[in-house]
Amino acid sequence: MKEDQKFESDIVQGYTKPTIWCKFTELAEKTNSVNLGQGMPDWQPPKFFMDNMQKQFSNTAFYQYTRNVGSIKLCEAVSRNYEKYFKRKIDPMTEVVIGAGGVNVLYIAMMALVKRGDEVVMIEPFYHDCCPQIQFCGGKVVGVPMIPPKSRPKSEFEKITKDVKDVWTIDFESLEKAFTKKTKVLYLNTPNNPTGKILTYEELHKIAKILEKFPRVVVLVDEVYEYQIGDCQELPRMSTVKGMWEKCISVMSAGKIFNATGIRIGWAIGPNSLIRQLNPVFQYSSYCIAEPMQNAVAESLDMANESCEGFESYYKWTANHYKSLRNHFLENMAKVKTFDINLLCPESGFFTLGDISKLKSESKYILPGDENEKNLSYPKDYKILLNICNQYKVVGMPCSPFYSKEHKNIGENFIRFAFSKQTSTLDKAIHNFSNPVKDEEEEEDDDDDDDKKGNKSEKKVRKALGKLGMTKINGVNRVTVKPKDNNILIIKDAEVFSSKDVENTFIIFGELTFDEPDKKAAKEELQKFTKEGETLQKQGETKTEKPIENVVIEEEDPNAEVNTDGLDQSAIDTVMEEGNCSKAKAVKILRSTDGDVVAALLKLTDN
Ligand code: GLN
């Protein structure tokens, strides 16, 4: 047995490598691209939600176990808020279970329902994480592909109206054939990730009709995008179709409702006969979720019914907000001449899909972490995304992972971009799609022309920075340095280059405006930051900022040098001598708290 197979288990086989979420997020980070991959929003949750969180966490009474499958307060709030949609009474104690986010609730449901040899019918494409879950139970995925809409000319997207929607259709004949004696679960995802399809009542009835012939089948309805529903007034719910309540488990997510995908709270609603199957899987794995968070979600579910920014409720605001983001992205992308992949206009959700069926699939690029992989061969959608990342500095998600093994070839014809991003992030992506990066060879050819324009030096400097592994941090036009005294230094209109290889090395070009506000202002500024891995985001419309922590600012030092340890000296020389940098002056020096120079702030000047 090979050393690396020592701990292998057939349960997780094929899933021990980093997920697509990790891989493509890392690709965006490593290449400083706009990340339209993983579908999380990049703006803050609503204020009432954050206030509720703060209030609940400051109450010391809530730091112990709660009722194991959901705090009474949250179960009651869920029942109160969903009775109107489910058109029936929901018993908070027996017909609701709270889990650690939508994915976890799906997982406990699969674990509770699917045993070795059982089959799970899935309409494709489907939310990717269900595949490993079914494998973990020993079940088998039976995929039924939807029929994609025909791509249409970009001009039709210049103004998105109610009628401009690309709707995927279900092949009911194939769906019916997919059911066998072994089928235990039908997984429905409406609104669907990644297509944005909302199942209509007509479709739900047809499905219910098929299920009459298969009485042991339970329907797991993933409704986590229930409020991102575009023009639809209210999501059609399978549970309300005649005879279906007894067979349905419906899954929702607080993370999706409140733009807080990291808080990990989700719930399932269903008849007690089903919910009580899920309870033990959750209570013997996690026992319960943090009570302050459950309470805050409970209060927020109620408060979300109050009017919000001119809308009847926060829920209505949400539907409109996502719709505007979708329209903004697609309407502007329709005008981009330098990107010729046709995007589809979804009915709902976070995502638009690009139809790449007509593109050739060749790529010389690889995903981060695959450098030592032998016999590397990516599916077409991966290759096209790697090319797009290289050419446009925008990262999306492949769609083949959203299909079963048997149908991945269909998924390879689509790529996914998330529009669940601030307008400023979408604008950055639109800008990048409009300004493709040229290949190095092409760039060499252009050098003569540039000479005339006097751009040659600048280009050389930028190339040398590239050689140093110093790449421009996208989206930064303001840098905030947090020195140890907690004051703040803000450099406006900065272009920041950083190196992934040499930690804490930054070269910052630009007009430097120093602003050292008083302690109170500094504190307020800092409070706006939330740290999520290495990505730092800021509320509101301001661009992404990258704080450099634990540094001391020293006064002007004309002899200051950028920390060059581990960097290619000839490239450094190019940066300093060739371009405007020969005239640059180190204005301030940043030292780490143990005394090393971590960066010099360089001001480009002609004198
Ligand atoms: N649901 C998210 C998406 O489709 C990803 C969830 C996750 O990263 N686990 O992008």
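Predicted model: local features only at pLDDT ≥ 70, side-chain atom pairs only at ≥ 80, totals over all residues.

Q: What about Gln-38, how far is its side chain from an oxygen atom of the ligand?
A: An N or O atom in the Gln-38 side chain lies 2.5 Å from a ligand oxygen. Gly-39 has a polar backbone atom 2.6 Å from an oxygen atom of the ligand.

Q: Which residues are around the ligand?
A: Trp-21, Gln-38, Gly-39, Tyr-127, Asp-129, Asn-193, Tyr-225, Phe-351 and Arg-416. By class, that shell has four nonpolar, three polar and two charged residues.

Q: And why does the ligand lie between domain 1 and domain 2?
A: Because both of them give residues to the shell around the ligand. Domain 1 covers 3–43 + 313–434, while domain 2 covers 78–146 + 183–303.

Q: Switching topic: how many helices and strands are there in the protein?
A: The protein has 18 helices and 23 strands.

Q: How much of the protein is buried?
A: Of its 607 residues, 53% are buried. The protein exposes about 28,300 Å², with carbon and sulfur atoms supplying 49% of that.

Q: Last one: what share of the contacts with a separation of 6 or more comes from residues 24 or more positions apart?
A: Those residues account for 71% of such contacts in the protein.

Key:
Residues numbered from 1 in each chain as written. Heavy atoms only, no water. Near = heavy atom within 4 Å. Polar contact = N/O pair within 3.5 Å; in protein donor to acceptor, adjacent residues only side chain to side chain. Nonpolar A, V, L, I, M, F, W, Y, C, P; charged D, E, K, R; others polar. Domains from an automatic or database assignment. Helix = DSSP H or I, 4+ residues; strand = E, 2+ residues; numbered from the N terminus. Buried < 20%, exposed > 50% of the residue type's maximum accessible area, 1.4 Å probe, protein only. Contact = heavy atoms within 4.5 Å. Areas by Shrake-Rupley, 256 points an atom, 1.4 Å probe, with all protein chains shown as cover.
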